[in-house]
Amino acid sequence: ITHQGHCASCSTLQDLGVYVRQNLTSAIRSCGMKGILSKKMQHNCLLKLGFSEECSTIWDWNILNTRNNCFVTCMWSNIRNEPFNKPDGSLNNCLQCDEDKSGPNFKYFSGRTRRNSGIPSAIKRPGSQRYYNYMEHCYWYGDL
């Protein structure tokens, strides 16, 4: 078991590897910016991060849906270079919009998120949302 909840598009070990090895917040944002120019560029960017085809597809949807629902809020947040979290610990307006508008479908169809996989991210979350309080990833890279 590599994440809490049901399995779906991002539940593969390949996708776990992508989640573990990098700060996805910045990488996904970069792919989203490419998507403004071309959906194919965005999709290829996600594949180059190492995501499986299936996981790249749900990330494509997430980026597009967030862009359609949160564009002005997120552009303003980016222009102001807002931190991911407000001083009270809540999400900035862009991330909260993404969480509200895209989060439920993304969580369902991806299966894996950083939170339910026990993987910390650059976005601070309350303890009740952090599954890594209960999960530890240990990997063996040597010979058996």
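Pro83 is exposed, with a relative accessibility of 55% (exposed means over 50% relative accessible area, buried under 20% and partly exposed in between, with a 1.4 Å probe and protein chains only). The residue belongs to a predicted model, in which local features need pLDDT of at least 70, side-chain atom pairs count only at pLDDT 80 or more, and totals for chains, interfaces and linings use all residues. Residues are numbered from 1 along each chain as its sequence is written, and side-chain values use heavy atoms, without hydrogens and water.

Pro83 sits in the loop between helix H4 (53-79) and helix H5 (93-101). Helices (H or I, at least four residues) and strands (E, at least two) are DSSP runs, numbered from the N terminus. C-alpha to C-alpha, Pro83 lies 9.0 Å from Ile123, at a sequence separation of 40 residues.

Four aromatic pairs were found in a search of the whole structure. Tyr19 and Phe51 form an edge-to-face pair, with 5.7 Å centre to centre and 80° between the planes. This pair links distant parts of the chain, 32 residues apart: Tyr19 is in helix H1 (residues 13-21), and Phe51 is in the loop between helix H3 (39-49) and H4. Rings of Phe, Tyr and Trp (its six-membered ring) pair if their centres lie within 6.5 Å; planes under 30 degrees apart count as stacked, over 60 as edge-to-face and the rest as tilted. Tyr19 is buried, at 2% relative accessible area. Phe51 is buried at 2% relative accessibility. Ring pairs join Tyr19, Phe51, Trp59 and Phe106 into a cluster.

The protein chain has a mean pLDDT of 88, and 86% of its residues reach 70 or more (pLDDT is the predictor's confidence in each residue, from 0 to 100). Among its elements, H3 has the highest mean pLDDT (98) and H1 the lowest (92).
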